Amino acid sequence: MKKLIGILALLVGFAFQSNAQGALKFKKEKHDFGTIAEGVQATYSFEFTNTGSAPVVISNVQPSCGCTTPDWTREPIMPGKTGKVTASYNSTGRPGNFSKTITVINNGSTSQIILMISGSVKPKA
């Protein structure tokens, strides 16, 4: 009987744990650089907090093109803790307006979060 109660308690524990899920809440999901000079490496860090009840792991961050380089918090983000996703836009040879997306792939409640950077590159004189 004790074994049965122990197994039942273990199963109930797993059931409650399976409902626990992390959630990334970004302070800002869009950033406008305004006007930047051609040749500038424009960089912005999107900050977030895990507002859920379980750790979140970002498995990948995918930019919409090769002109944008991402970096992100690689270790698990515990509930209540913060992290960041940094996007660097290379404006060399790219005069004019730009709008790029960065897809954050994670194991949280929203498995894909789209961040956006935009601006205008002033051509070299």
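The secondary structure of this protein comes to one helix and eight strands, where helices (H or I, at least four residues) and strands (E, at least two) are DSSP runs numbered from the N terminus. From the N terminus on, the order is α-β-β-β-β-β-β-β-β.

Before the details, a word on the model. This is a predicted model, in which local features need pLDDT of at least 70 and side-chain atom pairs count only at pLDDT 80 or more, while totals for chains, interfaces and linings use all residues. Residues are numbered from 1 along each chain as its sequence is written, and side-chain values use heavy atoms, with hydrogens and water left out.

On confidence: pLDDT is the predictor's confidence in each residue, from 0 to 100. The mean pLDDT of the protein is 90, and 85% of the residues reach 70 or more. Residues 8-16 have pLDDT below 50, and beyond near neighbours in sequence this stretch has zero contacts in the model; contact means heavy atoms within 4.5 Å.

Two totals for the protein. Of its 125 residues, 35% count as buried, and here buried means under 20% relative accessible area, exposed over 50%, and partly exposed in between, with a 1.4 Å probe and protein chains only. Among contacts with a separation of 6 or more, 65% are between residues 24 or more positions apart.

Now the strands. Two strands pair if DSSP finds at least two bridges between them. Gly 96 sits opposite Val 121 of E8.

Next, strand E6, residues 82-90. E3 pairs with E6 in the antiparallel sense over nine bridges, and Thr 49 stands opposite Thr 82 in E6. E5 (residues 68-72) also runs antiparallel to E6, joined by five bridges. The bridge partner of Asp 71 in E6 is Thr 86.

The whole structure has two. In one of them, the side chains of Asp 71 and Arg 74 meet at 3.6 Å, N to O. Asp 71 is partly exposed, with a relative accessible area of 43%.

The other pair is Glu 47 and Lys 27, with the closest N and O atoms 3.0 Å apart. This pair links distant parts of the chain, 20 residues apart: Glu 47 lies in E3 (residues 41-50), and Lys 27 in the loop between E1 (24-26) and E2. Glu 47 is partly exposed at 39% relative accessibility, whereas Lys 27 is exposed at 67%.

Last, the cysteines. A disulfide is taken as a pair of cysteine sulfur atoms within 2.5 Å, and the count by this rule is one. The partners are Cys 65 and Cys 67, with their sulfur atoms 2.3 Å apart. The torsion about the S-S bond is about -45°, so this disulfide is left-handed. Which of the two accessibility classes, buried or partly exposed, applies to Cys 67? Cys 67 is buried, at 5% relative accessibility, while Cys 65 is partly exposed, at 23%.

Methods
Salt bridge = Lys/Arg side-chain N within 4 Å of Asp/Glu carboxyl O.
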